[in-house]
Structure formats: C-alpha cells, structure tokens
Amino acid sequence: MSRPSIVGPEVPVEPFPFELQGEVVRGFGRGSKELGIPTANLPEEAVNSICSELETGVYYGWAQVLNKEVRPMVMSLGWNPYYKNEKRSAEIHIIHNFESDFYGSELKVVVTGYIRPEKDYDSLDALVEDIRTDIEVAKNSLNRPGYEEIKHLPFFA
C-alpha cells in the first residue's frame with residue numbers, strides 16, 4: 001500500500017505544536033537491538049500527560065537532547081500492538097546517529113503533526129518497513145517553512 005510522502009497542513013494546527021519534556025528512561029530495549037531504530041523513551045508521567053491530549057499513533061516533530069541541535073523526530077505513542085505492551089509508551093526516534101546513549105538526559109520534544117494510527121503487523125520486517133516510511137514522511141513533512149520555524153521556539157533555548 002502506497003502512503004503519502006507528506007502529511008499535515010502547511011502549518012501546524014491545534015492541538016499542535018505540542019510541547020513535552022522529560023528525562024530519557026530505559027524502554028523495552030527493542031529499538032536499537034531488534035529494529036535497528038534507536039528510541040528515547042519518556043517516563044510514564046510524561047506519557048500519561050500526553051495521552052489525554054493525543055490519540056495513539058505515530059507523530060512527527062522536533063527533538064532536542066543534551067541541549068544540542070534541534071533535530072527531526074518521529075514518535076510512537078501507544079500500546080505497540082505488535083509487542084502486546086501492557087502500558088502505553090512514548091518512544092521517540094531522533095533522526096540522527098548519536099555516538100552514545102543519553103539515558104538520564106533531559107529530552108525536549110515539540111510534536112507538530114500526526115502521521116498515522118498505530119497498528120499490528122504480521123512480521124517484524126513489515127513493522128520496520130513502516131517505521132522507515134514514517135521517518136521519510138516526517139522529514140518531508142518538517143521540510144516546510146511552517147514547520148522549520150518551530151525549531152527556533154524559546155522552548156528549545
């Protein structure tokens with residue numbers, strides 16, 4: 001099934017942009033090892049605060065860790081049906097290759113739009129393929145003036 005390469009309007013609309021932050025905590029240990037797509041996980045309190053505002057699914061936006069450069073990100077928010085999670089998680093893939101992990105560091109995220117609902121998969125390969133598509137959709141969607149300017153919000157200063 002073909003998916004659009006860009007999602008969302010030309011500028012974010014309510015409830016976006018949506019700011020959240022928290023300390024990076026250890027997740028389920030699957031992102032890097034099983035998927036080859038490392039994720040930064042937010043603590044349960046942060047997840048619960050956004051779950052009241054946003055439906056489960058995949059989102060795109062900007063992230064900053066270690067007070068460094070603001071980078072594009074995709075975020076999976078929900079139950080991860082493929083893995084049958086028993087609690088919701090917010091797993092953020094910052095689109096950048098980091099030299100080392102950053103557990104315990106402050107992560108700032110601005111969610112700017114919605115890509116798709118979460119779904120279950122028949123195979124790990126199908127899940128990875130969809131995540132790789134999500135990453136491309138996020139990069140394309142963020143590469144518009146109405147989204148680029150969000151990188152410069154005072155929140156990231």
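These legends accompany a set of views of one predicted protein model.

View 1. Welcome to the overview: the protein holds four helices and six strands. Read from the N terminus, its elements follow the order β-α-β-α-β-β-β-β-α-α. The C-alpha trace spans about 40 × 35 × 35 Å along its principal axes. A compact globule of 157 residues would have a radius of gyration near 15 Å, and the value for the protein is 14 Å, so the two agree. If you like to think in terms of contacts, take those between residues at least 6 apart in sequence: 73% of them join residues at least 24 apart.

**View 2. The surface and its charges.** Of the 157 residues, 49% are buried. The protein exposes about 8500 Å², and carbon and sulfur atoms supply 49% of that area. Looking for the charged groups, you will find 16 positive and 25 negative side chains. The centres of these two sets lie 3 Å apart.

**View 3. The six-stranded sheet.** Here the strands form an open sheet, and its order is β1-β6-β3-β4-β5-β2, with antiparallel pairing. Strands β1 (18–23) and β2 stand at the edges with a single partner strand each, so one side of each has no neighbour in the sheet. Further in, β3 (residues 57–65) and β6 (residues 106–116) run antiparallel and are joined by eight bridges. To find your place in this pair, look for glutamine 64, which stands opposite lysine 108 in β6.

View 4. Which way do the side chains point? Ser89, Glu91 and His93 point one way from β5, while Ala90, Ile92 and Ile94 point the other way.

View 5. Strand β4 (residues 71–78) runs antiparallel to β5, and six bridges join the two. Methionine 75 is a handy landmark here, standing opposite isoleucine 92 in β5. Strand β2 (residues 40–41) also runs antiparallel to β5, joined to it by two bridges. In this pairing, asparagine 41 has glutamate 91 of β5 as its bridge partner.

View 6. A cis bond joins glutamate 14 to proline 15, with omega of about 10°. Another cis bond joins phenylalanine 16 to proline 17, where omega is about -5°.

View 7. Most residues other than glycine have a negative phi. Leucine 66 is not a glycine, yet its phi is positive at about 60°. Asparagine 67, again not a glycine, has a positive phi of about 55°. Leucine 66 lies in the loop between β3 and β4, and asparagine 67 is found in that loop too. Are these side chains buried or exposed? Leucine 66 is partly exposed, with a relative accessible area of 42%. Asparagine 67 counts as exposed because its relative accessibility is 66%, where the cut-off for exposed is over 50%.

Terms used. Residues numbered from 1 in each chain as written. Predicted model: local features only at pLDDT ≥ 70, side-chain atom pairs only at ≥ 80, totals over all residues. Heavy atoms only, no water. Buried < 20%, exposed > 50% of the residue type's maximum accessible area, 1.4 Å probe, protein only. Pairing = 2+ DSSP bridges. Rg over C-alpha atoms; globule rule 2.2 N^0.38 Å. Contact = heavy atoms within 4.5 Å. Areas by Shrake-Rupley, 256 points an atom, 1.4 Å probe, with all protein chains shown as cover. Lys, Arg positive; Asp, Glu negative; His and termini not counted. Charge placed at Lys NZ, Arg CZ, Asp CG, Glu CD.
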